[in-house]
Amino acid sequence: MQIYQQIKQQIRAGVLPDNYRLPSKRQLAAQMQISVNTVSAAYSQLVSEGFLSAQPQRGFFVCHLDELIQGNIKEEQQSQPVQPDSILVDFSINDVARDKFPFQVWRKTMNKCFNEYDPNLLTSTPPQGDYKLRQAIAQYLYQARSVNCTAEQVIIGAGNDNLLQMLSYILDSNCVIGMENPVYHKAMHFFQRMGHTVLSFPMDSQGMQVTPLEPYTNIAVYVTPSHQFPLGITMPVSRRIKLLNWTQESKQRYIIEDDYDSEFRYNSRPIPALQSLDQNGRVIYLGTFSKSIAPSLRISYMVLPPSLLNIYLEQYLSFQSAVSRFEQAVLHEFILSGHFETHLNKMRKVYRTRCQELTQALSVFGTDLQISGEGAGLYLVAQLKNGLTEKEMCYRAHHQGVKVYPISPYFNGPVPQEHQSKVLLGFGALNNTQIQHGVALLREAWK
């Protein structure tokens, strides 16, 4: 290593010029009184890295190296991030009740699956995902969401981003993506980066309007019918049927149904998925375990209709699964043993209680605050009627140590009058003490 480092430094410094012939291995070994093997190892490493070239019967010569240019790029000054301790209560819309996670059950499930006698444990995961897990998901979707599918139609992905990437490849490159307005902008930006034309379509109190979709034939519309994000609207069956009928006028019309946090409804049983009404294979169904179990699990699933499944099988099977086989095995066991159903029922009660606690706490505002979306999901939509703008609401809340989430970034274009002065208040990760404290601070901020 000393010989290797010294010669390399001399070459890079220009002390040893281009095409300079080094001593032979035996000569250098004799000069330094060391083994020829030691010199041979140093020369071999320099040759493999391109510092020397070995020419048969001639010896070792220094290779030409261009001068490495030193850049003068100035780092852009970045705004100082908000210090974590400056936020006392975070009404996060993406967090879950981490204090209620079944750590002991999950640990036992992992230990059960970590079996050195399992011949498949260390092998690659099939491209679509573990077949047993796909079977369990298909059965769960039929029982809980009335989704009609087989395990062969289910594809496992590492989060929705991974599934949307697959879907972008499966859909025709000229396929237009239609999005709700307001929109789940993460999906919108992803489709844009993948080269699709993305258009926004207006919504009313029943969800995405169908009439503006009529001129388009090669299009897939991305909807969240069970609990629209961010407005919290539930699409009634009449609009769902109208949307499905619209797809029948062209073979290149599809619906991408993102069943966003559909498991959690507090005033009724979960509403069947739009896919359950589909008799002609026009709905692409997306779901995830990020809300029902934990965001860190990063396991989502997609149900493809037969026409698109054939394209996937022809073009996408060369891609490896992005989800660990071991994690898929743990999740399969968690579902199969009944722990998932037990956990889900427990979390429905937890989130129903927290939703009620937040709604009750916000009643101190009286008629100055209007609440919507409290029947489902892990957040509320709060609209202030005392003249403060959305920007002022967020700024004043932050000044009091409370983080709330504006709704305006989800709109493409100006925010309609009926949606101004609205913010999103998540309650999934907050206990009653935190909720009461947060609302008390908001009262000071917004009075």
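The model I am reading is a predicted one.

I then followed the strands around that pair. β12 and β13 (residues 379–384) pair in the antiparallel sense, over four bridges. Both belong to an open sheet of four strands, in the order β12-β13-β16-β15, with antiparallel pairing. β12 (369–372) and β15 (405–406) stand at the edges with a single partner strand each, so one side of each has no neighbour in the sheet. I also noted helix α12 (residues 390–399), which packs on the sheet and touches β13, β15 and β16 (422–426). The direction of α12 makes about 40 degrees with that of β16.

Next I turned to helix α8 (residues 237–247). Which residues of α8 are buried? I listed R239, R240, L243, L244, W246 and T247. Seen down the axis of α8, these buried residues fall within an arc of 155 degrees, so they line one face of the helix. What covers them includes β6 (198–204), β7 (207–208), β8 (219–223), β9 (253–258) and β10 (283–288).

I checked T109, which lies in helix α4 (residues 103–113). Is T109 buried or exposed? Buried means under 20% relative accessible area, and T109 counts as buried because its value is 5%. Leaving aside neighbours within four places in sequence, I found T109 in contact with V330, E333, F334 and H339.

Last, I looked at cysteines. C175 is buried, at 2% relative accessible area, and C355 is buried at 4%. A disulfide is a covalent bond between the sulfur atoms of two cysteines. I searched the whole structure and found zero disulfides.

Notes: Residues numbered from 1 in each chain as written. Predicted model: local features only at pLDDT ≥ 70, side-chain atom pairs only at ≥ 80, totals over all residues. Heavy atoms only, no water. Buried < 20%, exposed > 50% of the residue type's maximum accessible area, 1.4 Å probe, protein only. Helix = DSSP H or I, 4+ residues; strand = E, 2+ residues; numbered from the N terminus. Arc of directions from axis to C-beta. Contact = heavy atoms within 4.5 Å. Disulfide = S-S within 2.5 Å. Pairing = 2+ DSSP bridges. Axes fitted to C-alpha atoms, helices over the stretch in contact; angles between N-to-C directions.
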